[in-house]
Amino acid sequence: MSLPRRALVGLALLLVSCAPEAHGPSTATTPAPTAPGTSAPDLPAEQPAVAVAARPAPPELPRQVPGVGPQLRSAIPAGTRQVLVVTGDGPEASTGHAVLYRDDGDGWRAGPAWPTRNAVHGWTTDHRQGDLHSPVGVFTLTDAGGRLPDPGARLPYHRSEDFVMGGTGFEGEPLAGSFDYVVAIDYNRVPGSTPLDTRRPRGTGYGGGIWLHVDHGGPTHGCVSMTADRMRELLLALDPALHPVVVMGDARNLAR
């Protein structure tokens with residue numbers, strides 16, 4: 001029986017599509033035999049793996065404020081997470097440096113060291129009015145102000161033209177501009193008030209009006225001073241939510 005022409009064409013196509021592909025002669029070559037008296041060509045040597053050095057872990061932050069001994073450390077309020085440490089160069093020195101520390105839960109991280117000046121006769125643990133010493137101790141920092149506009153402080157900032165100082169300092173330097181920026185140190189004062197507040201809770205005999213203020217180029221009467229740029233940085237950094245304090249004194253007294 002003969003098949004219709006259309007069926008024959010379909011069968012032919014089916015047979016062609018199912019057929020394995022034709023392969024031409026192999027193009028792989030067999031390495032030529034090495035001639036007598038000759039050696040095989042050298043193959044590239046396998047390169048050794050390059051060891052990648054592990055990145056060292058960052059140093060662990062100190063759990064205690066550096067340079068502050070147990071006596072003063074115990075006076076730092078439990079909720080404090082920002083501490084300005086002012087370290088005098090000696091008990092009778094009028095120069096030193098300050099470092100702002102912050103604890104975010106993993107230890108005390110230090111900021112840069114800023115040069116400072118303090119009272120002309122150095123430091124005392126029993127400050128009195130007019131003794132020309134800066135008081136040693138731990139004091140809260142709650143209020144700021146100055147003659148210049150608020151640079152963006154987070155502490156309450158009282159701008160007033162009454163932040164003015166005239167005359168000359170102990171080394172003949174002009175005192176103008178010393179109070180352009182100030183942060184009140186809560187020594188014998190009422191926290192939560194302008195730095196200009198003259199109330200003295202312990203009495204006037206213990207002195208007061210101890211501030212952080214702009215350096216005028218010489219020793220102070222009892223305050224701690226630093227350059228205007230550093231004071232501006234400090235005002236921007238101090239955060240009342242971190243309950244900042246200053247710990248201040250010469251190194252020996254700080255370490256007690």
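With a relative accessibility of 24%, A237 counts as partly exposed; buried means under 20% relative accessible area, exposed over 50%, and partly exposed in between, using a 1.4 Å probe and protein chains only. Please keep in mind that this is a predicted model, in which local features need pLDDT of at least 70 and side-chain atom pairs count only at pLDDT 80 or more, while totals for chains, interfaces and linings use all residues. Residues are numbered from 1 along each chain as its sequence is written, and side-chain values use heavy atoms, with hydrogens and water left out.

**The chain as a whole**

- Four helices and 12 strands make up the secondary structure of the chain; helices (H or I, at least four residues) and strands (E, at least two) are DSSP runs, numbered from the N terminus.
- The chain has 256 residues, and 38% of them count as buried.
- Its accessible surface is about 15,200 Å², with 58% of that belonging to carbon and sulfur atoms; the areas come from the Shrake-Rupley method with a 1.4 Å probe, and for residues only the protein chains shown count as cover.
- Among contacts in the chain with a separation of 6 or more, 62% join residues 24 or more positions apart, where contact means heavy atoms within 4.5 Å.

**Helix 3 and A237**

- Helix 3 spans residues 228-237, and M231, L234 and L235 in it are buried.
- Viewed down the axis of helix 3, its buried residues fall within an arc of 100 degrees, so they line one face of the helix; the arc is that of the directions from the helix axis to the C-beta atoms.
- As a reminder, an α-helix has 3.6 residues a turn, so residues three or four places apart point the same way.
- A237, the residue we started with, also lies in helix 3.
- Setting aside neighbours within four places in sequence, A237 is in contact with Q82, L100 and R154.
- Between A237 and L155 there are 82 residues of sequence separation, yet the two are 9.5 Å apart in space, C-alpha to C-alpha.

- H97 sits in strand 2 and, at 33% relative accessibility, counts as partly exposed.
- V85, V86, T87, A113, W114, P115 and T116 are touched by H97, not counting residues up to four places away in sequence.
- P115 is 18 residues from H97 along the chain, and their C-alpha atoms are separated by 4.3 Å.
- S94 belongs to the loop between strand 1 (82-88) and strand 2 (95-103).
- At 18% relative accessibility, S94 counts as buried.
- S94 touches T116, R117, N118, A119, V120 and P219, again leaving out residues up to four places away in sequence.

**Loops with something to look at**

- L132 is not a glycine, yet it has a positive phi of about 60 degrees; you will find L132 in the loop between strand 4 (123-124) and strand 5 (134-135).
- N188 also is not a glycine and has a positive phi, of about 50 degrees.
- The loop between strand 9 (182-184) and strand 10 (211-214) holds N188, which is buried with a relative accessible area of 6%.
- G203 is likewise placed in the loop between strand 9 and strand 10, where it counts as partly exposed at 26% relative accessibility.
- The C-alpha atoms of G203 and Q129 are separated by 9.8 Å, with the two residues 74 apart along the chain.

**Cavity and pocket**

- On a 1 Å grid over the protein atoms alone, a cavity is a set of points where a 1.4 Å probe fits but cannot get out, and a pocket is an open set with protein on both sides within 12 Å along at least five of seven lines; lining residues have an atom within 4 Å of a point.
- The structure holds one cavity of 30 Å³ or more, and the largest cavity contains about 40 Å³ of space; points are joined across faces, edges and corners, and a volume is the space filled by probe spheres set on them.
- The lining of the largest cavity includes A184, Y187, R189, D197, R200 and W211.
- By class, that cavity lining divides into six nonpolar, one polar and three charged residues; Ala, Val, Leu, Ile, Met, Phe, Trp, Tyr, Cys and Pro count as nonpolar, Asp, Glu, Lys and Arg as charged, and the others, Gly among them, as polar.
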